[in-house]
Amino acid sequence: MQLITAQGGVSFLRSDLITFPHAFATRLGGVSTLPHTASLNLAFGRGDDDATVLANLARFTEAAGVPGNVISLPQIHSACVRTVGSDDRGLGYSRSAEDACDGYVTADEGVSIGVKTADCVPILLADEEAGVVGALHAGWRGTVAGIAREGVAKMTALGAHPTRIKAAIGPSIGLCCYAVGEDFCRAVAESPCADLCLPHIHRDGERPHADLPAMNTAILLSAGLAAEHIDAARLCTCCRTDLFYSHRASRGVRGTMLNLIAIPKGE
C-alpha cells in the first residue's frame, strides 16, 4: 500500500495489487476549515456546508483519477451489499438517496463506488479479468455479520471468481486501540462469522482488544480469496490522527474519509 500526495496536497493510499482506479482518502488536502473537519472531510452532516464537502470530493476524485460521480449512500453498519450501475451515478452526493447500505458491487464502466469511514474497515475489491469491483464498509457489526463474504458473493453473481478477486483493506482502527467490552465478545460469539472472528479477539491485557482487519481477512480467505490477493494497509486511524479522522480518538467530533474504486472506461 502506497501513500501518495498529489499536486494540491491531496493525500491518499493506493494498493499495488489493484490496477483499476481506486483510493483510500486521508484527511489531508481539502478545503474544510473547521478544526474537527480540517481538511478533506468527505461526508455531509459533520459541520461543513454541502458546497465544502462537494469541493473536497472534486479535489479527491481528480487527484486519485477516479470518476467524480460517486455512489455512496448512508451507512447503517449492516451486511447489506447493493448491486449498482450507471443509472445510480451520484446517489448520496450529487443526488439525494433515501436508501441505505454498507457495500456496493458493479460491472459498469466509469461508475465510482465508495464507502465512508473514520475507524471502520474499508475494503475495495476487484476482479479485473471479469470487470467487476466492490466497495465495503465493515464496522464491527458488518464484519461479524459477514459483509466481506456477501460482497464476494455479489461480485460472483456478476461474473467474478473468488480466486481472481483482489482485496485492498484500508486504514482502520487497529488492534492496538480497539478495546472492547464483554458485550462485544458475546455478540461476536453469537454472530454468523463467530468461528472466523473470535480468534482475533485478544485478551492479554486489562481489556479485550479486537483486530477488525484480521477478522475481515479471515472472512475473505474463507470466501475463496487467495492470501497473496489480500493487501492490508495496517495503519491505525486512532493512532494516526495526523493522517486520518478517528471516531474513537475524537469522541465522535470529526470529519469522514471516503474510499473509492471504479472500472475504467474501455476495459
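Two strands are taken to pair if DSSP finds at least two bridges between them; strands (E, at least two residues) and helices (H or I, at least four) are DSSP runs, numbered from the N terminus. The model is predicted, so local features need pLDDT of at least 70 and side-chain atom pairs count only at pLDDT 80 or more, whereas totals for chains, interfaces and linings use all residues. Residues are numbered from 1 along each chain as its sequence is written, and side-chain values use heavy atoms, with hydrogens and water left out.

An open sheet of 6 strands has the order β4-β5-β8-β7-β9-β12, with mixed pairing. β4 and β12 (230-232) stand at the edges with a single partner strand each, so one side of each lacks a neighbour in the sheet. β5 and β8 pair in the antiparallel sense over 4 bridges, and Val 105 stands opposite Gly 134 in β8.

In helix α3 (residues 147-157), Ile 147, Ala 148, Gly 151, Val 152 and Met 155 are buried (under 20% relative accessible area, 1.4 Å probe, protein chains only). These residues cover an arc of only 145° around the axis, which puts them on the same side of α3; the arc is that of the directions from the helix axis to the C-beta atoms. They pack against β4 (81-83), β5 (103-106), β7 (121-127), β8 (132-138), α2 (140-145) and α6 (212-222), contact meaning heavy atoms within 4.5 Å. After α3 comes Gly 159, with a positive phi near 110°.

Methods
Buried means under 20% relative accessible area, exposed over 50%, partly exposed in between (1.4 Å probe, protein chains only).
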